[in-house]
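Me: I have a new structure to read. Could you walk me through it, feature by feature?

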Amino acid sequence: MKSPIPDYLKVVLDNARSIESGAPASYIETLAKADTSKMAVALAMVDGNVYSVGDDQVEFSMQSISKAFVYAMAIEDRGLSKVLEKIGVEPSGDAFNQLSLERGTNRPVNPMINAGAITAHSLVDGTTAEERTERILRGLSQLAGRQLQVDEEVYEAELKSADRNMAIGYMLKSAGVISCDPRDIVKGYIRQCAINVNVRDLAIMAATLSNAGVHPITGDHIIPQASVRQVLSVMTTCGMYDAAGDWVSNVGIPAKSGVAGGIIGALPGQVGIATFSPNLDERGNSVRGVAICEKLSRDMGLHMMDVSQIAGATVSTTVATIVAGAKEPHHPNCEREVIIFSLRGAVRFPGSERLSRALVRELGEPKPDDPGSGRYANTCAVVISLRDVYSLNTVARRILHESIKRLMGEGRSVVVVDPTEIFQLAKAEDGAKAGRPRVVKSEIEARYYIGGIGCSTISIEDDW
């Protein structure tokens, strides 16, 4: 069985492809020539599983997305109190390159506009521009899980049009916010923005924020949890510039955009999201990227203020062997294995994704790089138990229905244990085309359906 999630992401991507408004960033020569047909989206779960579709290997410069992670580095290197002395945290309502400082303090208003980001760059450890850049490149590469590189063409193009950022640098020096040479700081900041990534890199980096600073694949604790909270808070209120209010209202995920067309979203405890499409709106955010994120948030119930479902979900896997009963001693499923996937708690997108992934791993083809995968591909039946599920939101139900439809399409026998009728089989789309699963009220009923009346099972769990 193939996971339904990449197929869903492809539909979302294809739907956004019809949006033709916006244009690439015109003030940077290299970005102005970007291929506007390129599009991609990626999701990275906090346990390291990554889904991506579209042009997911195409590299583009991070631009302002780097601001969120460099802000975290500045906090690590100087401490939060020292950083707050230099950079505020209030939404500006201004363009990202506005020449302005906070009244009364002369600080940049927040670290997501250029004035704050240039200041954050100056606070990263290093006595020279090269040392600061190396520190940042090393940190971003660790977050991405691979060695990243600076796009020298983008860097040179941005340097040619850096007058406004240079003016911001001199403004910061004049106000006493930075003490070193403004030209070195601005050049380092521009070089930071010219680091290349793809959407898979960005999704993993975002998922590290979602995972309290722990890299979802390597397990390295890269960003302190307190710093993550600070970064996500500022991303929520300031990450999308003067579109932050619309973003929080419509998408509801801490986010950061860049003028090369990238957007990241980091939903705490759940998922990291990344999109790429070069056409920007008048606020400097990717038009298609915003549309994709709105769709994902709406369909998957990812808005951080959505409290219609509470708590988490777990998925456990059990294998049982059918033992013949006296009434049907020669039932064809006797001595064969049954695999049971049990869900517990409030099932939302992450819980349903874990179930979908477990189905693919246990029932699919064996993979040389994943020992144990495909080991139960020949079980006589698949049981999905919802006995301990007390809520199932819309996207979780949709993924569950689609996963079962695909199992049935492969000719597998599927039984759903659903004593409270939370599954709502009647709402499954096209269920009749691929057959419908057997829905029962109890494990005993499921067992008798699979192995015949009076059969029993040998299992590691007493309640099956």
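This is a predicted model: local features need pLDDT of at least 70, side-chain atom pairs count only at pLDDT 80 or more; totals for chains, interfaces and linings use all residues.

Me: How many helices and strands does the protein have?

Reply: Start with the inventory. The protein has 16 helices and 13 strands. Then take its extent: the C-alpha trace spans about 90 × 45 × 40 Å along the principal axes.

Me: What share of the residues counts as buried?

Reply: A residue is called buried when its relative accessible area is under 20%. Here 57% of the 464 residues count as buried. For the outside, look at the exposed area. The protein exposes about 19,100 Å², and carbon and sulfur atoms supply 49% of that.

Me: What do the contacts say about distance along the chain?

Reply: Take contacts between residues at least 6 apart in sequence. Of these, 69% join residues at least 24 apart.

Me: Which residues touch the most other members of the largest nonpolar core?

Reply: A nonpolar core is a set of buried nonpolar residues joined through their side chains. The largest one here has 78 residues. Met-62, Phe-69, Leu-140, Leu-202 and Leu-209 touch the most other members. Apart from this core lies another, of 30 residues, with Tyr-8, Met-45, Trp-247 and Val-251 among them.

Me: Which residues is Met-62 in contact with, beyond its neighbours within four places in sequence?

Reply: Two of its partners are Phe-69 and Leu-140. Met-62 also meets Cys-193, Ile-195, Val-197, Leu-202, Met-205 and Gly-258.

Me: What surrounds Asn-165?

Reply: Set aside neighbours within four places in sequence. Asn-165 is then in contact with Asn-114, Ile-118, Val-186 and Tyr-189. With Asn-114 there is a side-chain polar contact of 3.0 Å. Ile-118 is 47 residues from Asn-165 along the chain, yet their C-alpha atoms are separated by 8.5 Å.

Me: Where does Asn-285 lie?

Reply: Asn-285 lies in a loop, between β7 (271–276) and α13. Asn-285 counts as buried because its relative accessibility is 1%. Its contacts, leaving aside neighbours within four places, include Met-240, Tyr-241, Ala-243 and Ser-257. Asn-279, Leu-280 and Val-290 belong to that list too.

Me: How should I read salt bridges?

Reply: Side chains of opposite charge can pair when their charged atoms come close. The count here comes to 27 salt bridges. One of them joins Asp-47 and Arg-357, with the closest N and O atoms 3.0 Å apart.

Me: Why does the pair of Asp-47 and Arg-357 tie together parts that are apart in sequence?

Reply: Look at where each partner sits. Asp-47 is in the loop between β1 (40–45) and β2 (50–54), and Arg-357 is in helix α14 (residues 349–363), so the pair ties together parts 310 residues apart in sequence. Asp-47 is partly exposed, at 35% relative accessible area. Arg-357 is partly exposed as well, at 23%.

Me: Which other residue forms a salt bridge with Arg-357?

Reply: Glu-353 does, with the closest N and O atoms 2.9 Å apart. Both residues lie in helix α14, four residues apart, about one turn of the helix. Glu-353 counts as buried, at 1% relative accessibility.

Me: Where do Lys-295 and Asp-299 lie?

Reply: Both are in helix α13 (residues 287–300), four residues apart, about one turn of the helix. Lys-295 is partly exposed at 29% relative accessibility, whereas Asp-299 is buried at 13%.

Me: Which residues are linked in a network of salt bridges?

Reply: Asp-7, Glu-402, Lys-405 and Arg-406 are linked in this way.

Me: Last, which residues make a nonpolar surface patch?

Reply: Ile-444, Tyr-448 and Ile-453 make a patch of about 250 Å². Ile-453 is found in the loop between α16 (443–451) and β13 (456–459). At 40% relative accessibility, Ile-453 counts as partly exposed.

Methods. Residues are numbered from 1 along each chain as its sequence is written. Side-chain values use heavy atoms; hydrogens and water are left out. A nonpolar core is a set of buried Ala, Val, Leu, Ile, Met, Phe, Trp, Tyr and Cys residues joined through side-chain atoms within 4.5 Å. Buried means under 20% relative accessible area, exposed over 50%, partly exposed in between (1.4 Å probe, protein chains only). Contact means heavy atoms within 4.5 Å. A polar contact is a pair of N or O atoms within 3.5 Å; within protein, one must be able to donate a hydrogen and the other to accept it, and residues adjacent in sequence count only if both atoms are side-chain atoms. Patches are made of residues with over 30% relative accessible area and no salt bridge: like charges are joined within 9 Å, nonpolar side chains (Val, Leu, Ile, Met, Phe, Trp, Tyr) within 5 Å. Accessible areas come from the Shrake-Rupley method with a 1.4 Å probe; for residues, only the protein chains shown count as cover. A salt bridge is a side-chain nitrogen of Lys or Arg within 4 Å of a carboxyl oxygen of Asp or Glu. Helices (H or I, at least four residues) and strands (E, at least two) are DSSP runs, numbered from the N terminus.
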